[in-house]
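Please read it alongside the sequence and the coordinates.

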Amino acid sequence: MSATLEKARDTVADLVKLDILSATTPAFDNDITRKQIARTFISDTITVPTKEMYAYATLSSLGDDVYHEPTTLELEAHIAKITGKEAGLFMPSGTASNQIALRSHLKQPPYAVLCDHRAHIYKYEAGGAGFHSGAAVTPLIPKNGHHITLDEVKAGMIYGPDVHFAPTEVVALENTLNGTIFPQEEVIAISNFVHSKGVKMHLDGARIWHVAAETGTSLEELSRPFDSVSLCFSKGLGAPIGSCLVGTREFISRARRLRKLFGGGMRQTGILAGSAAYALTQNFPLLPRVHALTRKLEKGLEEIGVGITSRAETCMVFYDAYSIGTDYDEIAERASKLSDPLHLGGSRLVVHIQTSEQAVDDFLALIAEIAKEKKDAGFVKPTTQANGLVRDVYVRRSN
Ligand SMILES: Cc1ncc(COP(=O)(O)O)c(C=O)c1O
């Protein structure tokens with residue numbers, strides 16, 4: 001090699017290299033991040049791997065998943081087994097899992113997917129059903145405000161010879177949805193009807209773990225009414241990345257090809273499968289404590305007089321800031337200024353395996369303080385209107 005070429009290569013290597021640890025430490029101190037996570041109510045997707053999870057995961061096999069990676073295959077087989085399905089497929093995200101499931105079920109347009117209007121698959125996946133599958137979506141608004149019912153599915157499903165409509169080919173349910181548990185008898189009734197029409201059932205079970213942990217119902221029983229189920233490891237279970245799609249062998253082999261087509265064929269996924277397995281073993285048993293902490297949060301809010309808009313059935317509770325005369329921006333702003341700050345979104349409070357009890361106590365103390373201030377300033381809690389809404393009508397005394 002000429003000296004000139006050697007020098008040129010050294011220069012290129014100098015330009016390419018990056019000491020990322022020096023560049024990001026201490027600005028991104030993980031101990032600080034872990035403390036922040038313990039005080040963040042925004043989502044459970046922010047949960048982070050522990051040192052123990054990492055240590056376990058690094059022992060995983062080093063295969064290439066496009067050519068079938070041993071640890072990942074083991075994880076897929078395990079999830080298929082516990083959900084009572086023939087096969088499983090590791091996915092990079094819950095969105096990929098849901099969208100590839102739809103694409104795998106739906107073969108020849110026109111067709112429609114029916115779901116709850118709040119469903120992730122419809123509302124938060126960037127219009128993926130239309131983009132990836134060319135599917136129309138029929139979003140249903142449940143009258144009971146909690147879950148769609150068999151009667152609503154019957155009324156909302158499109159079948160029959162009228163050529164104006166795209167026939168329903170998949171009914172997609174979500175469990176939990178906003179942290180609430182879909183009554184299993186209603187799921188079964190919907191499934192029996194939907195299947196009698198030759199239509200497929202998909203479950204977005206990103207947080208189905210919470211239903212199993214809370215009710216003691218097996219994943220097999222919860223999954224039985226569905227042709228496909230997507231389960232996430234990276235939310236309540238606290239793994240860094242990944243979901244698993246399960247279904248029949250034929251469905252999963254189609255999904256495997258579509259995963260490649262969508263650019264989701266990953267390589268050394270062993271470390272991710274190892275993290276997921278660690279989460280199943282070590283973190284799943286922590287969920288009942290999470291749910292108890294969420295109920296404590298709800299009870300504390302109610303004792304202060306805060307309206308609850310969606311109850312704490314698992315790891316989420318939704319509250320009405322207007323019911324004590326404030327708004328979410330004010331609460332978030334005040335929370336961020338505490339000596340030990342709390343991190344909040346809007347009306348949704350999410351509790352997770354890394355939430356500290358202190359964070360819950362501090363949040364309730366802050367809410368109690370704000371409620372008292374508003375009351376002292378003359379805020380009178382409005383009576384609920386006939387339509388159930390309170391937020392636009394709050395009243396202030398003039399003193
Ligand atoms: C119910 C539900 N399904 C699917 C997803 C999508 O998961 P991901 O963010 O991994 O794409 C989410 C994300 O939070 C979710 O809450």
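Two strands count as paired if DSSP finds at least two bridges between them. The model discussed here is predicted; in it, strand β4 (residues 168-174) and strand β5 (residues 200-205) pair in the parallel sense over five bridges, and within β5 the bridge partner of V170 is K200.

**Packing of helices on the sheet**
- Helix α5 (residues 70-83) packs on the sheet, where its contacts are with β1, β6 (228-232) and β7 (243-247), and its direction makes about 125 degrees with that of β1.
- Helix α6 (residues 94-105) also packs on the sheet, touching β1, β2 (112-116), β4, β5, β6 and β7, while its direction makes about 170 degrees with that of β6.

**The sheet as a whole**
- The sheet is open and is formed by seven strands in the order β1-β7-β6-β5-β4-β2-β3, with mixed pairing.
- At its edges are β1 (87-91) and β3 (136-140), each of which pairs on one side only.
- Direction ignored, neighbouring strands of this sheet are turned by 20 degrees against each other on average.

**The annotated lysine**
- An unreviewed UniProt entry lists K235 under "modified residue: N6-(pyridoxal phosphate)lysine", and in the model K235 is found in the loop between β6 and β7.
- K235 has a relative accessible area of 15% and is therefore classed as buried, the cut-off being under 20%.
- Leaving aside neighbours within four places in sequence, K235 is in contact with D44, T45, T47, G94, A206 and R207.

Definitions and conventions:
Residues numbered from 1 in each chain as written. Predicted model: local features only at pLDDT ≥ 70, side-chain atom pairs only at ≥ 80, totals over all residues. Heavy atoms only, no water. Helix = DSSP H or I, 4+ residues; strand = E, 2+ residues; numbered from the N terminus. Axes fitted to C-alpha atoms, helices over the stretch in contact; angles between N-to-C directions. Contact = heavy atoms within 4.5 Å. UniProt positions renumbered as here; feature names shortened; annotations may be inferred. Buried < 20%, exposed > 50% of the residue type's maximum accessible area, 1.4 Å probe, protein only.
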